Amino acid sequence: MCGRFTITHPTEALAALFDAVPGNDLPPVPNYNVCPTNPVTVVTSEGGVRRLRAMRWGFIPAWYKAPNDGPLIINARSDTVATKPAFKAAIRERRCIVPASGFYEWSEGENKARLPWYFTRADGQPMALAGVWQRWRDLDTVAIVSTEAGAGMAGIHHREPVILERADWPLWLGEAGHGAAVLMRPVAPGVLNPPWRVGVEVNSNQASGERLIAPVAA
């Protein structure tokens, strides 16, 4: 968790929401099936200026000799992110936000079938997923921070992405001092809509289109 998400809000809307300067190399929207290793839009803050930047989803530690030199790292666990060698500098110095319109999670059905569910915010706004990033050679790479699942994820998965509220963005981005560790918690009740089942087509990283988030019978 989190292993797949959507971004359907226009770049201009994201720039306005996060008060960020957009880069000219951001991935196109909408994308209903953002997969690991895809380029994603990320919010960073440096010198008091927020920017929307393109990064590879898949954090590459500094010691990797090639992007595939070890496991594909798309998530960083909140309970170990400050101590694992791959992340301990990034969590102090390079925190970021990954905007998402929604994310998918899978429950297990009969015969271990992977049954996808789709999560969105109740207010219709983009999610601000907590992230950490790393420059590897000339490539910026990012991982999404996950935490223990809250009540809204009950029965589907034991982990969920850390979803930041607007008031928390300055602290997470390093604009408001120290103490960001307290933000790595499950989402508060009522922030997310109840999830709905979607078709198994999204299980393929080749699938695309708005039909991927259409509800199906659970």
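I'll start with one side chain: that of Gln134 makes a polar contact with the side chain of Arg94, at 2.8 Å. Before going on, note that this is a predicted model.

Gln134 sits in strand β10, which runs over residues 127–136. Is Gln134 buried or exposed? With a relative accessible area of 9%, Gln134 is buried, since the cut-off for that class is under 20%. As for what surrounds Gln134, setting aside neighbours within four places in sequence, the contacts are Phe59, Ile60, Ala62, Arg94, Leu139, Asp140 and Thr141.

Keep Asp140 from that list in mind, and let me move to charges. How many salt bridges does the structure hold? There are 13. Asp140 takes part in one with Arg53, where the closest N and O atoms are 2.6 Å apart. Arg53 belongs to strand β5, residues 49–57, and Asp140 to strand β11, residues 139–148, so this pair ties together parts that are 87 residues apart in sequence. Arg53 and Asp140 are both buried; for Arg53 the relative accessibility is 16%.

Arg53 has another partner. Its side chain also meets that of Glu46 in a salt bridge, 2.8 Å from N to O. Glu46 is partly exposed, at 46% relative accessibility. Taken together, Glu46, Arg53, Arg135 and Asp140 are linked in a network of salt bridges.

One more pair from the salt bridges: Arg77 and Asp79, with the closest N and O atoms 3.3 Å apart. Arg77 comes out as partly exposed, at 35% relative accessibility.

Next, the nonpolar side chains. In soluble globular proteins, side chains of this kind tend to be buried together. Here the largest nonpolar core has 60 residues. Which residues have the most contacts inside that core? They are Phe5 and Trp172. Strand β10, where we began, gives this core its largest share, 7 residues. There is also a second, separate core of 9 residues, with Tyr118, Val198, Val202 and Leu212 among them.

Now helix α1, residues 11–18. Which residues of α1 are buried? Thr11, Leu14, Ala15, Leu17 and Phe18 are. Around the axis they cover an arc of only 165°, which puts them on the same side of α1. Glu12 and Ala16, on the other side of α1, are exposed. Asp19 follows the helix, and its phi is positive, near 50°.

Last, a sheet. It is open, has 5 strands and pairs in the antiparallel sense, in the order β3-β1-β8-β9-β13. Which strands stand at its edges? They are β3, residues 31–34, and β13, residues 196–197; each has a single partner strand, so one side of each is left without a neighbour in the sheet. For β3 that partner is β1, residues 5–7, and the two strands pair over 2 antiparallel bridges. Within this pairing, Ile7 stands opposite Asn31 of β3.

To recap, then. Gln134 is a buried residue whose side chain is in polar contact with that of Arg94. Gln134 is also in contact with Asp140, and Asp140 belongs to the salt-bridge network with Glu46, Arg53 and Arg135.

Key: Residues numbered from 1 in each chain as written. Predicted model: local features only at pLDDT ≥ 70, side-chain atom pairs only at ≥ 80, totals over all residues. Heavy atoms only, no water. Pairing = 2+ DSSP bridges. Helix = DSSP H or I, 4+ residues; strand = E, 2+ residues; numbered from the N terminus. Buried < 20%, exposed > 50% of the residue type's maximum accessible area, 1.4 Å probe, protein only. Polar contact = N/O pair within 3.5 Å; in protein donor to acceptor, adjacent residues only side chain to side chain. Contact = heavy atoms within 4.5 Å. Salt bridge = Lys/Arg side-chain N within 4 Å of Asp/Glu carboxyl O. Arc of directions from axis to C-beta. Core = buried A, V, L, I, M, F, W, Y, C linked by side-chain atoms within 4.5 Å.
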